[in-house]
Amino acid sequence: MKVSCAMLTWGKEFEKAVVEASELGYRGCEAFNRIPMQYEAKLDKFKALLARNELTLSSLYVEGYLTDIEKRQELVDYSERVAKFLIANGCDNLVLGPSYRPAEGPTAVQLKIAAETINQIAQKCADLGVKLSVHPHLGTEIQNEDEMDAIMEMTDSRKVFLCPDTAQLTKAGMDVVKVLKRYKDRIGYVHLKDLKENVNDPFEYGKEAVFFTEMGRGTIDFVPIIDCLKEINYQGWLAIEVDSPNVGTAKESLTICRDYIENVLGLRIQGQRVS
């Protein structure tokens, strides 16, 4: 396993995020696709930015409407572009997130459409040597356990993997360890995020700080999660994620997470693989 730092804590300040994450000792980084893809025609500049700061791209996160068949081709084509960008930067992970949730939740027909869309994206990614991992997310088309299970059942197990997010799954009522064990052969990427206690507000995009917090400051016990990942021999990335800082600056927020990872969980972030 290797430890990565999600850049979204810095918002739109991607270059600042790269510099400060490196200063904290992180050697992997994950970002939403929008900012890195601005470098699509300037690959040398992007590579130089990461190299100068001794960072490796661990993944890019793509969000799109999976249940809307009319938007399918656009999302498939864009995801293929992102996959090509990833390969050009020595990265082979694309994390796919669903978009806004229908008012009554997705129907069985909509979940089937989503699965078909995911399979098409996964095939494009596989053809390029990129692993696609689906990320269940609060307030989206794939939020609850039955929805996640349906998608995993209807997609190609050789090409579609799961990106469990510890806080997202927990808030949706799932047992993270049970999910990891159930899909032990399909865990493609992992988000480590903590959850605040007793927050019952309806989930709203842009207000993630209401729900989530720095690792070690919330309710999630990460020890059995890490133990389970070791047990199932997971060898991929662990991306530390804080949607927005709850204390001070983004750098201060990710310092708290780094210290928790190293001092409590016994993992090293300095580019070293943990057993």
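**Charges over rings.** I looked up K131 and found it over the face of F161, at 4.7 Å from the ring centre. I keep in mind that this is a predicted model. Next I checked K42. It lies over the face of Y39, 5.5 Å from the ring centre.

**Aromatic rings.** I then followed Y39 to its ring neighbours. Y39 belongs to one aromatic cluster with F14, F46 and F85. I also took the count of aromatic pairs, which comes to seven. For F222 and Y260, I read ring centres 5.9 Å apart and planes at 70°. Planes over 60 degrees apart count as edge-to-face, so I logged this pair as edge-to-face. The two residues are 38 residues apart and link distant parts of the chain. I placed F222 in helix α8 (residues 222-231) and Y260 in helix α9 (residues 250-263).

Are these two residues buried or exposed? F222 is buried, at a relative accessible area of 0%. Y260 is buried too, at 14%.

**The sheet.** I traced eight strands in an open sheet, with parallel pairing. I wrote down their order as β6-β5-β4-β3-β2-β1-β10-β7. Which strands stand at the edges? I found β6 (160-162) and β7 (190-192) there. Each has a single partner strand, so one side of each is left without a neighbour in the sheet.

I went on to the partner of β7. Three bridges join β7 to strand β10 (residues 237-240), and the two run parallel.

Technical notes. Residues numbered from 1 in each chain as written. Predicted model: local features only at pLDDT ≥ 70, side-chain atom pairs only at ≥ 80, totals over all residues. Heavy atoms only, no water. Phe/Tyr/Trp six-rings, centres within 6.5 Å; stacked < 30°, edge-to-face > 60°. Helix = DSSP H or I, 4+ residues; strand = E, 2+ residues; numbered from the N terminus. Buried < 20%, exposed > 50% of the residue type's maximum accessible area, 1.4 Å probe, protein only. Lys NZ or Arg CZ within 6 Å of the ring centre and 35° of its normal. Pairing = 2+ DSSP bridges.
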